[in-house]
Amino acid sequence: MVKITDVARHAGVAPSTVSYALSGKRPISEETRRRIAASIRELGYRPHAGARALGSRSDVLALVVPLRAGVHVPVVMQCAVSVVTAARRHGHDVLLLTQEEGAEGLRRVVSGATALVDALIVLDVQLHDPRLPLLRALDRPSVLIGFPAEPAGLTCVDLDFEAAGELCVERLAGLGHRVVALVGSPPEVYARRTAFAERVVRGFTAAAGRRGLVSAVHPCEATPAAARRVAERLLREQPALTGVVVHNEAVLEPLIEAFGQLGLRVPGDLSVTAICPAELAGSLRVPVTSVALPAAELGERAVELLMGKLAGAEVPAATLLAPHLTERASTRPRTAP
């Protein structure tokens, strides 16, 4: 078993310095902290239970994921499972916070000598999230899965949703489609100005404008009945529609069924792309061309960033995962009238 003296010898410091780096009880230089963090990672050191009890570390992370209206729970749970799995590899447990408590809920688990957690991972980030001032002021590290409008002073990781929206439009435009629509998240998601949903709209709109396409954006409640209403509205308002981007996992299949009931075949009459989990896109009767939501990778990346911060290492402030589009059976070149 690797001991604290082994870490100290490897890093060229006194054992007490390693202890201070782990507990945060005394300040040490950033260069020394980075050297100790590198030795801990290389040697695979883990503090024993007694040392943890005497120190200020709980070895618990908080995963803050308020289950608000419009949140697609299966994707959130996939991310949560990934966080828990990655945290356990580092000897940490995870406290799941699902209530809509805002900054007060964060303060409850991190404040005072009896703080419940060492650090936080925060999901469902809004462009102007009211939790951000507290996260910037806390003496405990945090990582956001999502990018607010002003990410300065924060550590953020996410799929590049703006590029994902652009990529879907570019694929449709490349196939010759000139009239396109985005069937987006539920209205309440936009009302909160949720960052990922806003960024998809921004990318979709920018790419459509750049390509000179006729385009529209339609939020959609996460029900089959709402999918039917949106399909009817699209055909009424955009009769020349031939390309659709869907960013709403819950209505992807009902929407395709609704178009079929209205006389439009996919992909014969209508090409469909989506931003959704790959397993969903590939499982439908007509497999859908899609940009995958890397929920598991995001959870793992967030934990790795947080472990680096807890060890005193420098980590990138912004990590954007590039979107990748997988071609399936739901898209084809537009047939000229």
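**Figure 1. Buried residues of helix α10 in the predicted model.** In α10, the residues Ala195, Ala197, Glu198, Arg199, Val200, Val201, Gly203, Phe204, Ala207 and Ala208 are buried (under 20% relative accessible area, with exposed meaning over 50% and partly exposed in between; 1.4 Å probe, protein chains only). The model is predicted: local features need pLDDT of at least 70, side-chain atom pairs count only at pLDDT 80 or more, and totals for chains, interfaces and linings use all residues. Residues are numbered from 1 along each chain as its sequence is written, and side-chain values use heavy atoms, with hydrogens and water left out.

**Figure 2. Span and surroundings of helix α10.** Helix α10 comprises 17 residues, 195–211. From first to last C-alpha, α10 reaches 24 Å, close to the 24 Å expected at 1.5 Å a residue (1.5 Å times one less than the number of residues). Helices (H or I, at least four residues) and strands (E, at least two) are DSSP runs, numbered from the N terminus. The buried residues of α10 pack against α8 (161–174), β6 (179–184), α9 (187–191), β7 (214–219), β8 (243–246) and β9 (271–276), a contact being heavy atoms within 4.5 Å. Gly212, which follows α10, has a positive phi near 70 degrees.

**Figure 3. The salt bridge between Arg68 and Asp124.** The N to O distance of this pair is 2.5 Å; a salt bridge is a side-chain nitrogen of Lys or Arg within 4 Å of a carboxyl oxygen of Asp or Glu. The pair links distant parts of the chain, 56 residues apart: Arg68 lies in the loop between β1 (60–64) and α5 (73–89), and Asp124 in the loop between β3 (119–122) and α7 (132–137). Both Arg68 and Asp124 are buried. In the whole structure, a search finds 20 salt bridges.

**Figure 4. The salt bridge between Glu300 and Arg89.** The closest N and O atoms of Glu300 and Arg89 are 3.1 Å apart. Glu300 belongs to helix α14 (residues 295–310) and Arg89 to helix α5, so that distant parts of the chain, 211 residues apart, are linked. Glu300 is partly exposed because its relative accessibility is 35%; Arg89 is likewise partly exposed, with a relative accessible area of 48%.

**Figure 5. The salt bridge between Asp129 and Arg131.** The side chains of Asp129 and Arg131 meet at 2.8 Å, N to O. Asp129 is buried, with a relative accessible area of 5%, and Arg131 is buried at 2%. Elsewhere, salt bridges that share partners join Glu166, Glu170, Arg210 and Arg211 into one network.
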